Amino acid sequence: MTLKFYFDLLSQPSRAIHIFLKICNIPFESKLINLGKMEHLTTDYQQIHPFQKVPAIEHNGFKVIESVAILRYICREFNVADHWYPKDSKSQVKVDEYLEWQHLNTRVHCALYFRQKFLMPLLTGRPEVPEKIMEYEKRLNECLDLLENIWLKNKSYLVGTEISIADLLGTCEVEQVRLAGYNPHEGRPQLAAWMKRVADETSPHYQQAHMLLNKLIGKTKESTLKSKF
């Protein structure tokens, strides 16, 4: 096996790539990097990813980091259906438009809200700061409204009538905020339908990739209910 995939399914882009590899039937060697155990900070892993983050791949000794670069590379190097990342220039640039936009939008606002609302209180034991959370939630709302009203306006997928790598990256980012108790579907029928469509299109791999996340969401809800009684 020549493709090694370094990942943790608690990482949003790791899930996107995992789903993609599975749905495209691309064989790979799983290299789980447990973020909870700080395995990404080892000197051995630094040889794979100099910034010590996930995901990363190694293909015949050639290393690639950053999820967008990894997905583009896989689309070029392996036999995948053209709709994922079209070869036609005009169709391809439509996917690229979202991939470039998401860095400072879907990615940053979903991740920051999740980090401030859920992750930092968990890691530090300190309560969340309501004023900060309100600001992060405001930015998240604005971002998801742009997905609802612009990117998904009159479209089944982010860039047209067929699923692409943009949809995998987008849905996996939005899924993450559910762990912080935020419902991205509320008041956004287009976004809710899109996320279901992507999950159905890539079933059962989408559901399997989100199994751990959904389990943690269930535990968090249970813990919250117990604290109220």
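The model is predicted, with local features needing pLDDT of at least 70 and side-chain atom pairs counting only at pLDDT 80 or more, while totals for chains, interfaces and linings use all residues. Residues are numbered from 1 along each chain as its sequence is written, and side-chain values use heavy atoms, with hydrogens and water left out.

Rolling a probe the size of a water molecule over the atoms shows where empty space is left. On a 1 Å grid over the protein atoms alone, a pocket is an open set of points where a 1.4 Å probe fits, with protein on both sides within 12 Å along at least five of seven lines. Its lining residues have an atom within 4 Å of a point. The volume is the space filled by probe spheres set on the points.

The largest pocket holds about 1300 Å³ of space. It is lined by 39 residues, and Ser 11, Gln 12, Leu 35, Arg 107 and Leu 119 are the closest to its centre. Helices H1 (12-23), H3 (67-77), H5 (106-124), H7 (165-176) and H10 (211-227) each give two or more residues to this lining; helices here are DSSP runs (H or I, at least four residues) numbered from the N terminus. H5 supplies the largest share, ten residues. The lining of the largest pocket has 22 nonpolar, eleven polar and six charged residues, where Ala, Val, Leu, Ile, Met, Phe, Trp, Tyr, Cys and Pro count as nonpolar, Asp, Glu, Lys and Arg as charged, and the others as polar.

The second largest pocket has a volume of about 230 Å³. Ten residues line it, and those closest to its centre are Arg 178, Ala 180, Gly 181, Tyr 182 and Lys 221. Four of the lining residues are nonpolar, four polar and two charged.

Two of the helices that line the largest pocket, H1 and H7, also meet each other. Their axes (lines fitted to C-alpha atoms over the stretch in contact, with angles from 0 to 180 degrees between N-to-C directions) come within 8 Å and cross at roughly 140°. Contact means heavy atoms within 4.5 Å. On the H1 side the contact includes Gln 12, Ala 16 and Phe 20, and on the H7 side it includes Ile 165, Leu 169 and Glu 173. The residues of this contact divide into eight nonpolar, two polar and three charged.

H4 (residues 89-102) and H5 have axes that come within 6 Å and cross at roughly 35°. Here Tyr 98, Trp 101 and Gln 102 of H4 meet Thr 106, Arg 107 and Val 108 of H5.
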